Amino acid sequence: MVDFFLEKFSQISWLTGLPDGILFVLAVILIAIPIFLFLAVNALVVVYAERKISAFMQDRLGPMGQGAGLHAGKWGLLQTVADTVKLISKEDIIPAAVDKKLFISAPFIFFIGSFITFVALPFNQTIVAANFNIGIFYIVAVSSVGVIGIILAGYGSNNKWSLYGAMRSAAQIISYEIPVALSLLTVVMLVGSLQMQEIIKAQDGVIWGFLPHWFVFKNPFTFIAFFILFISGVAEVNRTPFDIPEAESELVAGFHTEYSGLRWAFFFLAEYANVFIVAGVASVVFLGGWQSPIPGFLEGSGWGLVWFLGKAIFLIFTMIWFRWTFPRLRTDQLMVMCWKYFIPIAFINIMGVGLWDLFVS
Amino acid sequence: MGVEHDHELGVIHAEEMVLNVGPQHPSTHGVLRLKVQTDGEIITKIDPYIGYLHRCFEKHCENVTYEQCIPYIDRCDYIASMNNDFGYAVTVEQLMGIEIPEKVEYIRVIVAELNRIASHLLAIGTIGLDVGAFTPFLYCFRDRERILDLFEMLCGARLLYNYIWVGGVSHDFPVGWVEKTYEFIDYFEPKIHEYNELLTYNKIFIERTADVGILPVDVAISYGVTGPNLRGSGLRWDLRRDDLYSIYDQFEFDIPVGTGAMGSVGDCWDRYYVRVREMEESAKIVRQALDQMPREGDVHATIPRKIRPPKGQIYKRTESPRGDLGFYIISDGSPIPFRIKLRSPAFTAVSCINEIARGWMLSDVMVILGSLDIVLGEIDR
Amino acid sequence: MRYFSNIWQAITTLLIGMRVTIVHFFKARKGIVTLQYPVERWPRPERNIGFSFDSYNVIRSRLHVDMDDCIGCLKCVRACPVDCIRIETFKVEKGVDIPEANHIGVTSQGTQKRLLVTRFDIDMTECCYCNLCTYPCPEECIYMVGGPNSSKHEIDYEFSEYDRNNIIYRFAKVPPEEVARRKAEKEMEKTAL
């Protein structure tokens, strides 16, 4: 996308005079702002959807706007806007005994971790912020930056409960990176390239005449790998059933107990951005990204965006469904599940994918 | 069971951390303070501190008459309020030697069993909440609302009824109440199947609760634990069978015990499952009572004009949803009781938490506390 | 082997649980139990969350006293377990007319009133809504409004106040000068004895 913008700049006469560095920075800012806006809108929409979906699952109504006065729009659509305004206008409380540098920088580091993962997701045949040729590798590597933010938040808060939450979370995220990486490796083996657009392009066509040639259907081992990727992704994002770090009924709110107002809003924003990223990566790698499910029809550039967002939304709905159905696992059971169940199965998957591809197809 | 704590681990001097699971709990059991000493995540000692909800109920009862005591007794175990009144009324009636008509007996049993279902629904919902499953909590409360609507139709109040009086009950059934109760029981019995699918047999829930917080039978008896907690450890002891107090011998119902189906006998899952099965059995009792109840009769026939028991003392126990609720009443012949003491089953349950939670992790403490199903109003009175 | 049975059990039970919630999600329209207060007030007979309230036998709502019927027998004061009712009465002579207090005539049930009730305070901050005061009243003048009593007073369950002094319900209708005059008379009688 940077090349796209630089080309456009070279066609505007009064910009060509500026030095190259400044043009580059301008292009980067022009890309970063829509991404930030997309993240903000994503947080608004997904939070509203979560509250409404959880309400319908629990036989209640969720946010509604009724009655006189300043109300939250019909069907409560303005509820998250109202929440955002409230969070921005809150008093910025920094407890006296915290470690100021760590406390203040933690939400930003956590947010940056999810922001920079975002740049490698392809939305469309042409819209991708940075089309790295090491796309998948970059995503796996960079998504660990968020752990630093969590540890700083928990340690810097000078609170026993936050420390508990942060330590549990760090262990959890680092452990679950391994099944994620191993599952992505199965797809990389089949495609032969780490570049995201190549992976999507390798998923066009049909299997057995009617099923789209997505990797989830291609191979029984990649089918299992999809589920391992998805569930490990849910664990990476700290959502139920793996939300021990923010376990509301035990440790009051885990590592972000002491945060309020806009700082907490950053944690919140970054968490829902992570949710989108997990859904996005799983849909790109296994469900065909912007490929249409009916091969041959509806394959234009605009439709690609629709398909990508649709698949991501379906996976987000499944994550919300998980959250409101299952209880949460204890920390040691979480670790057992990762190291004793997911990792052996992921290794067997890699072997199986290779053997299946060699002998069967 | 637990970890043998040893400070001399080579040269590393590890200290224990003292945590306050403070009076304000995220898990709703009331105001209870637990001082927890942990070594990393493993618990070494728990001290419960109670008394935050003490309202001097027993002292109040020494200054008001027997009829006026009943609102106070309602407020002790506020979740199973009918069972409290039932125990008190049965005790005073035995002291005074009153025989009550059959219709009143049936009404009392129906109402007490409905309240048992409501109390167990709350217990099951809050165990789900402690473990992290939010949805079963709301389903349980939706069904509990229907029971509370039935009670509201009966006596006007939802939670603290003042309905069972010494010598009878305060009102007869309104028109249409029996049909509504039949409707409720028909609606409710399939719901237990839904709770089982959603929570009881869920693998994650089983992982969290099976083999956790095992209460052996001899420990339970030595602490005086009764009710579903004791039945979860394998002993089939139920006061409705073993120490008969009303017309419970006319109904057919099972007494579920914990069998270690998912882990060991006496773990949290067993106590939880005993409560789920008890709800089914209570629904059966209500249905049988509605079928057998005489529709005509005066509920006010044997309410004495003035309650003035003869001099003496009595201790009688009944089965409340939490266990063995005992009333010890000393009367000196006047309309005002000399002393009323309430023996609270949840008090014994909270006192054995140190035994059963040692050696488990911090997350397990909430699950164990939830499976013991305590109500602070009863513990502190 | 337990390894594989664990995996199998996990997958099946989790899927069964997910089926329960998704069924609720799609049946949302019929199953919702929320009452959107204050736009929808209870009771609302058309939505099946409870029952129709015209078959109430008893109700617990706001306490009300029909002062015209009160004969000052003090039975409700004795019945209250928390002592939240305070009543002061004065004996009246036959035939004296006090307009503000129903002319000291007869109650609606036909009893002759012999006492003038000058103070009838119910402290609602202490009241525990046990309904014990309504049973002994011989004239049925103290009751909880609505339900079976809706012919006398319609239902009212939203009676929170903004000022703490309004929480004490003062039902007596005798003007203060009258009360002061009678108190002064009583004092004079005592000192005269």
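Modeller: Start with one helix. α5(B) has 21 residues and runs 30 Å from its first C-alpha to its last, close to the 30 Å expected at 1.5 Å a residue. Keep in mind that this is a predicted model.

Biologist: Which residue follows α5(B), and what is its phi?

Modeller: G156(B) comes next. Its phi is positive, near 95°.

Biologist: How do I read the length of helix α4 of chain C?

Modeller: α4(C) covers residues 176-192, which is 17 residues. At 1.5 Å a residue, the span should be 24 Å. The end C-alpha atoms are 24 Å apart, so the two values agree.

Biologist: Is α4(C) buried or in the open?

Modeller: Count neighbours. A residue is called buried if 20 or more other C-beta atoms lie within 10 Å of its own. Among the 17 residues of α4(C), the number buried is zero, so the helix lies largely in the open.

Biologist: What share of chain C is buried?

Modeller: Of its 193 residues, 20% are buried.

Biologist: How many helices and strands does chain C have, and in which pattern?

Modeller: Chain C has four helices and five strands. Along the sequence they read α-α-β-α-β-β-β-β-α.

Biologist: What do the contacts of chain C say about sequence separation?

Modeller: Take the contacts between residues at least 6 apart in sequence. In chain C, 73% of these join residues at least 24 apart.

Biologist: Now the interfaces. How is their size given?

Modeller: The size of an interface is often given as the accessible area lost when the parts come together. Here we count residues in contact instead. For chains B and C, 24 residues of chain B meet 22 residues of chain C.

Biologist: Which helices of chain B supply at least two residues to that side?

Modeller: There are α2 (69-74), α5 (135-155) and α6 (177-200) of chain B. α5(B) gives the most, with six residues. By class, the chain B side holds 10 nonpolar, seven polar and seven charged residues.

Biologist: How many residues does the contact between chains A and B take?

Modeller: It takes 21 from chain A and 22 from chain B. The chain A side divides into eight nonpolar, six polar and seven charged residues.

Biologist: What does the domain assignment give for chain A?

Modeller: It gives domain 1 (1-89) and domain 2 (100-359). Their C-alpha centres lie 21 Å apart. The contact takes 16 residues from domain 1 and 19 residues from domain 2 of chain A.

Biologist: Which elements give two or more residues to the domain 1 side?

Modeller: They are α2 (20-57) and α3 (79-88) of chain A. α2(A) gives the most, with 13 residues. The classes on this side are 13 nonpolar, two polar and one charged.

Biologist: How do I judge the overall form of chain A, and why does its radius of gyration agree with a compact globule?

Modeller: Compare with the rule for its length. A compact globule of 361 residues would have a radius of gyration near 21 Å; chain A has 22 Å, which agrees. Along its principal axes, the C-alpha trace of chain A spans about 60 × 60 × 45 Å.

Biologist: What is chain A built from, and what share of it is buried?

Modeller: Chain A has 13 helices and two strands. Of its 361 residues, 44% are buried. Among its contacts with a separation of 6 or more, 76% link residues 24 or more positions apart.

Terms used: Residues numbered from 1 in each chain as written. Chains lettered and ligands numbered in written order. Predicted model: local features only at pLDDT ≥ 70, side-chain atom pairs only at ≥ 80, totals over all residues. Buried ≥ 20, exposed ≤ 12 C-beta atoms within 10 Å, placed from the backbone. Contact = placed C-beta atoms within 7 Å. Nonpolar A, V, L, I, M, F, W, Y, C, P; charged D, E, K, R; others polar. Expected span 1.5 Å × (residues − 1). Domains from an automatic or database assignment. Rg over C-alpha atoms; globule rule 2.2 N^0.38 Å.
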